[in-house]
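Biologist: I would like to go through the aromatic contacts and the pockets of this model. Could you bring it up?
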Amino acid sequence: MPLKRVLLRPGVSRENTRYMSENVGPTGINGSYSAGWYDCDKIRFRSGSAEKLGGWVPFSTSYYLGICRSLNNWVTLGGNKLIGVGTNLKFYVNQGGSYYDITPLRATETLTDPFETTSGSPIVEVTDAAGGYSDGDFVTFSGATAVGGLTLNGEYQISAIGGSTYTITASSNASSSATGGGTVTAAYQVNIGPSVVVPLTGWGAGAWGNGTWGVGSASTDSLRIWSQSNFGEDLVFCPRGGGLYYWDASSGVTSNRGVNVTTLAGASDVPIKVNITYVSDISRFVFAFGCTDLGSSVLDPMLIRWSDQESVVDWTPLPTNQAGSLRLSQGSEIMSVIQSRQEILVWTDAALYSLQYLGAPEGWGATLVGENISIAGQKSVSLASGTTYWMGIDKFYKYDGRTQTLRCDLRQYIFSDINTAQMEQVVCGTNEGFNEVWWFYCSRDSVVIDRYAIYNYLEDIWYYGNMGRTAWLDSGLQAGPIAATYVNNIVSHEVGNDDNMNGTPAPMEAFITSAEFDLDDGHKFAFVWRMLPDVTFRGSDVNSPSIVMSLLPLKNSGSGYTNPASVGLTNSASVTRTVDLPVEQFTGQVYTRIRARQMAMKISSTGLGVAWQLGAPRLDIRPDGAR
């Protein structure tokens with residue numbers, strides 16, 4: 001029989017069995033076999049061909065505290081490139097690779113002899129009757145005098161709260177047990193937030209009075225997610241459910257914290273609590289989505305308010321300005337917001353609205369553009385090539401002027417293996433250089449992000465894998481996407497070929513496995529004795545990059561893969577680019593001994609510096625009987 005090409009449909013499908021994922025219909029051109037792909041990790045498709053993902057390297061040598069959920073990139077009037085980094089513990093501005101703490105202060109207290117030391121221990125008890133602090137919060141002391149051999153000026157993290165006291169850990173042991181410190185100024189940063197969603201049940205959960213006396217009700221301690229948006233070269237930002245803050249870039253990144261907008265000169269009716277803030281591209285209004293109303297301290301999760309045009313501080317609606325508000329009707333909470341073309345899209349937990357500027361004096365108006373929908377969380381939305389994509393609680397959606405369900409070949413696989421209690425952690429971002437939208441999520445038994453799914457909107461295909469990223473930003477100010485990791489740093493993606501998260505390259509293991517396809521129509525056994533791989537190693541940065549191509553034989557679709565050792569067959573071969581072959585490809589031949597009715601193909605790589613792209617492999621097959 002002549003050599004037959006194995007033409008593999010681009011994209012990965014998990015909506016059916018491995019055998020059903022074989023392409024139905026014509027078998028291809030010139031006696032080719034055609035199948036789809038079923039399993040993969042760290043691969044993508046370019047022009048229909050599978051290839052390994054690009055690698056990643058540290059964005060800088062610095063690290064931040066906490067789990068980052070928010071990234072924003074902008075340039076000041078002075079040409080400084082800045083990145084806002086919001087974590088569950090702090091808020092930073094990154095400039096020149098260094099992280100500068102601009103976390104706003106919650107309160108500043110004056111304490112008298114607040115420290116109590118214990119001889120030989122670094123644990124110091126601090127007394128502050130004002131309260132308001134929580135476990136893990138940060139406080140900075142200044143003006144303190146020595147006590148127990150320790151001078152405790154500087155920043156500390158609070159722990160072991162009890163009544164009007166808490167403890168801190170000094171950098172060294174106290175030389176004696178003593179009480180003192182003199183007159184001390186204690187500057188408390190805004191309370192920290194959870195790094196994962198924490199379901200609460202029983203007494204103390206939920207609002208006061210909810211549930212049966214002595215039992216309480218169920219509630220959820222919301223994930224700490226910051227929203228941030230530029231007002232010119234400055235920054236407006238807030239943690240979900242917290243205050244609205246402003247950072248003035250002209251004062252520089254050192255010793256310059258964000259301040260509550262209510263404390264700025266001219267502040268008028270500024271929302272006390274805000275879930276999401278956004279600054280419009282059109283006419284520059286500052287928005288508060290889910291916020292307190294005028295004269296109220298109770299947060300209304302469906303209320304939208306906006307400041308006067310070109311103002312951060314003026315929120316009082318008057319005939320002489322354009323400040324205003326409106327309340328959405330469908331749903332119980334505003335979940336997410338994104339700017340899209342000439343509109344701001346606003347998601348509730350049940351509907352999608354388009355917010356558009358109507359001009360003075362009306363301000364802004366909302367139009368319902370999608371109903372009976374869902375959304376996973378605040379960061380599960382991205383805009384790519386004029387279309388908005390997002391993950392719901394059981395499917396994917398897109399909006400391009402009308403709201404539609406997004407076709408997904410991985411829907412069953414993803415939503416049967418997702419931790420629904422951690423939906424708020426879902427992160428969406430774009431990789432415009434490869435026409436991709438990425439979603440990161442927690443698998444069923446994980447409380448940290450460990451999976452990703454990619455939609456290639458140019459080729460209308462899907463693929464997936466394992467990776468942990470807590471925030472993602474594809475900015476034109478960077479050479480490629482940047483992302484936050486669980487090792488408290490930012491990495492630049494599509495750089496090199498390896499997993500270089502900590503500055504030391506490690507192999508990025510990548511593989512893709514096809515669906516099961518018939519040999520010679522599947523009614524007889526066939527014998528595969530030779531394969532022409534057709535692989536390019538273009539982009540590799542080692543002298544001898546290699547992959548392993550495996551042919552996985554089956555007697556039938558339910559038999560499982562035949563153990564080659566039991567029949568003395570070889571079903572895989574290493575394909576290596578050697579120095580005497582062209583740099584970009586391997587088109588030699590490898591010899592195999594495979595007897596099967598059906599087969600799957602797997603390509604994998606585990607080495608440093610390896611880049612590869614698969615072409616159209618060819619198999620030399622001959623009939624081998626019907627039994």
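Biologist: Which residues do ring pairs link into a cluster?
Modeller: This is a predicted model. In it, a cluster is joined by ring pairs among Y389, F396, F415, W439, Y455, Y457 and W462.

Biologist: And how many aromatic pairs does the count come to?
Modeller: The count is 34 aromatic pairs. One of them is F287 with W364, an edge-to-face pair with 5.0 Å centre to centre and 85 degrees between the planes. F287 belongs to strand β26 and W364 to strand β32, 77 residues apart, and the pair links distant parts of the chain.

Biologist: Are F287 and W364 buried or exposed?
Modeller: Both F287 and W364 are buried. Another pair, Y413 with Y464, is tilted, at 4.6 Å centre to centre and 40 degrees between the planes. Y413 is in helix α1 and Y464 in strand β40, so this pair ties together parts 51 residues apart in sequence. Y413 and Y464 are buried as well.

Biologist: Changing topic: which residues are closest to the centre of the largest pocket?
Modeller: The largest pocket holds about 1000 Å³ of space. Of its 34 lining residues, L71, N72, Y278, I338 and L473 are the closest to the centre. The lining comprises 13 nonpolar, 16 polar and five charged residues.

Biologist: What volume does the second largest pocket have?
Modeller: Its volume is about 740 Å³. R240, G241, G242, G243 and K273 are the closest to its centre among 29 lining residues.

Biologist: Last one: where does the charged end of R44 sit?
Modeller: The charged end of R44 sits over the ring of F434, 3.6 Å from the ring centre. For R595, the charged end sits over the ring of F525, at 4.1 Å from its centre.

Notes:
Residues numbered from 1 in each chain as written. Predicted model: local features only at pLDDT ≥ 70, side-chain atom pairs only at ≥ 80, totals over all residues. Heavy atoms only, no water. 1 Å grid on protein atoms, 1.4 Å probe; cavity = no way out; pocket = protein on both sides within 12 Å on 5 of 7 lines; lining within 4 Å. Points joined across faces, edges and corners; volume = space filled by probe spheres on them. Nonpolar A, V, L, I, M, F, W, Y, C, P; charged D, E, K, R; others polar. Phe/Tyr/Trp six-rings, centres within 6.5 Å; stacked < 30°, edge-to-face > 60°. Helix = DSSP H or I, 4+ residues; strand = E, 2+ residues; numbered from the N terminus. Buried < 20%, exposed > 50% of the residue type's maximum accessible area, 1.4 Å probe, protein only. Lys NZ or Arg CZ within 6 Å of the ring centre and 35° of its normal.
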